Amino acid sequence: MLTRRQAMTGTLTSMAALTARHAFANPSLAPVPAVMAHRGASALRPEHTLAAYARAIADGADYIEPDLVPTRDGVLIARHESNIADTSDVAAHPEFASRRRTMTIDGKAEDGWFTTDFTLAELKTLRARERLPTLRAHNTRYDGHFDIPTFEEVIDFVAAEAATRGRMIGLIPEIKNSTHFHHLGHTPEETFLRVIAAHDYTRYCPLEVQSFETANLRLLHGKVQAINPQARLMFLMGGRTQTVPDTLGTASPATFGDFMTPDGLRGVRAYADVIGPSNDDIIPRDAAGAWLAPTSLIDDAHAAGLLVHSYTFRPENHFLPAQLRNGNGDSARNVPGAIAEIRRHLDLGLDGFFTDDPAIGRMALGL
């Protein structure tokens with residue numbers, strides 16, 4: 001006889017899988033668009049901290065996003081990038097001063113401190129800091145309060161929140177800079193698969209795995225779903241002229257724009273269920289930041305059988321299109337403008353979206 005928990009898990013998994021199948025067959029049948037907490041509620045707490053994830057969950061996010069990078073000893077941790085100069089207090093640790101260096105990641109030289117030069121034990125001596133202190137000065141009051149969580153700690157935290165609140169909370173992890181980390185001898189995809197297989201929650205919760213690269217999505221296709229049958233894969237898209245990282249230096253370099261054509265999108269559907277373009281590739285902006293006419297990207301993706309989950313809606317004037325700014329300064333929160341921006345994209349058929357402020361996302365949906 002099934003326990004109550006097993007029965008509930010099975011019912012939730014079956015319902016989610018059914019919804020996913022309907023959405024893929026006809027994206028217009030998808031339910032209320034998903035609100036995805038971009039690095040947590042990062043407009044309100046320093047990104048990729050348990051505090052940011054907790055606030056996002058409290059504010060009703062459907063999914064929590066941990067970006068994943070490896071440590072020197074191969075543990076996946078939640079940081080937006082391997083360079084932790086701007087998101088930790090590493091610069092204040094004299095014992096690590098000699099580890100500052102320049103590293104090239106996806107063709108770009110960066111100066112700072114990199115997670116792959118630190119063991120997990122060393123990184124746990126650091127504290128998180130606000131990445132955008134000028135725009136989000138209110139978040140700096142939390143500098144030093146929180147450590148850098150591992151992926152496993154994030155899973156356990158989200159599972160505990162789901163059990164406490166009695167609702168499913170999805171995970172939408174991004175495997176960062178795969179080709180770069182493979183060159184350093186890491187295998188983040190293999191580590192990721194082991195981690196989600198080892199945790200009960202990630203075997204049945206809503207799960208969507210992201211990457212800006214195609215090779216690792218092809219590698220993960222089928223393997224993630226063998227662990228969690230309702231899981232989706234998302235091909236994240238940079239700017240149209242930007243080269244896809246795993247094609248840099250190859251005989252056939254490709255731009256993200258190559259994948260945004262109807263033919264390119266049909267090809268993506270062979271290994272992904274969702275595309276994740278920037279909002280600017282849905283509604284471009286001119287040099288002054290004003291909206292131009294929308295593109296056909298959402299309609300083209302739907303025609304190819306793909307869902308569209310775009311990034312990133314942020315509440316400050318600095319990030320809004322010129323038509324929606326309220327004149328109160330770059331760092332001012334502009335909730336009406338943020339709601340209007342989200343709703344304009346929803347009107348075009350958007351299936352879900354990343355936001356730094358999930359509460360505003362829910363307001364835009366009328367929830």
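How much of the chain over residues 33-365 is helix, how much is strand, and how far apart are the end C-alpha atoms? Over that stretch the chain is 28% helix and 15% strand, and the end C-alpha atoms are 8 Å apart. Here helices (H or I, at least four residues) and strands (E, at least two) are DSSP runs, numbered from the N terminus.

## What you're looking at

This is a predicted model, where local features need pLDDT of at least 70, side-chain atom pairs count only at pLDDT 80 or more, and totals for chains, interfaces and linings use all residues. Residues are numbered from 1 along each chain as its sequence is written, and side-chain values use heavy atoms, with hydrogens and water left out.

The stretch in the opening question comes from a record: an unreviewed UniProt entry annotates residues 33-365 as "domain: GP-PDE". UniProt positions are given in the numbering used here, feature names are shortened, and annotations may be inferred rather than shown by experiment.

Start with Ala 34, which sits in strand S1 (residues 34-37). Ala 34 is buried, at 13% relative accessibility; buried means under 20% relative accessible area, exposed over 50%, and partly exposed in between (1.4 Å probe, protein chains only). Leaving aside neighbours within four places in sequence, Ala 34 is in contact (heavy atoms within 4.5 Å) with Asp 62, Tyr 63, Asp 351, Gly 352 and Phe 353. Tyr 63 is 29 residues away from Ala 34 along the chain, yet their C-alpha atoms are separated by 7.6 Å.

Then comes helix H2 (residues 50-58), where Ala 51, Ala 52, Tyr 53, Ala 56 and Ile 57 are buried. An α-helix has 3.6 residues a turn, so residues three or four places apart point the same way. The cover over the buried residues of H2 includes S1, strand S2 (63-64), strand S4 (76-78), helix H4 (151-165) and helix H13 (358-364). Just after H2, Gly 60 has a positive phi of about 95°.

## A hairpin

Now look at strands S5 (residues 101-105) and S6 (residues 108-112), which run antiparallel and are joined by five bridges. Two strands pair if DSSP finds at least two bridges between them. Ile 105 stands opposite Lys 108 in S6. S5 and S6 make a hairpin with two residues between them, and Asp 106 in the turn has a positive phi of about 50°.

## Rings that meet

How many aromatic pairs does the structure hold? There are nine. Rings of Phe, Tyr and Trp (its six-membered ring) pair if their centres lie within 6.5 Å; planes under 30 degrees apart count as stacked, over 60 as edge-to-face and the rest as tilted. One of the pairs is Phe 96 with Phe 118, edge-to-face at 5.0 Å centre to centre and 80° between the planes. Phe 96 lies in the loop between S4 and S5 and Phe 118 in the loop between S6 and helix H3 (120-123), so the pair ties together parts that are 22 residues apart in sequence. Phe 96 is buried at 6% relative accessibility, and Phe 118 at 0%.

Tyr 201 and Tyr 204 also form an edge-to-face pair, 5.5 Å centre to centre with 75° between the planes. Ring pairs link Phe 212, Phe 235, Phe 256, Phe 259 and Tyr 311 into a cluster.

Not counting residues up to four places away in sequence, Leu 265 touches several residues, including Met 237, Phe 259, Leu 297 and Asp 300. The C-alpha atoms of Leu 265 and Asp 300 are separated by 7.5 Å, although the two are 35 residues apart along the chain.

One last stop: a cis peptide bond joins Tyr 311 and Thr 312, with omega about -15°. Thr 312 belongs to strand S12 (residues 307-313).
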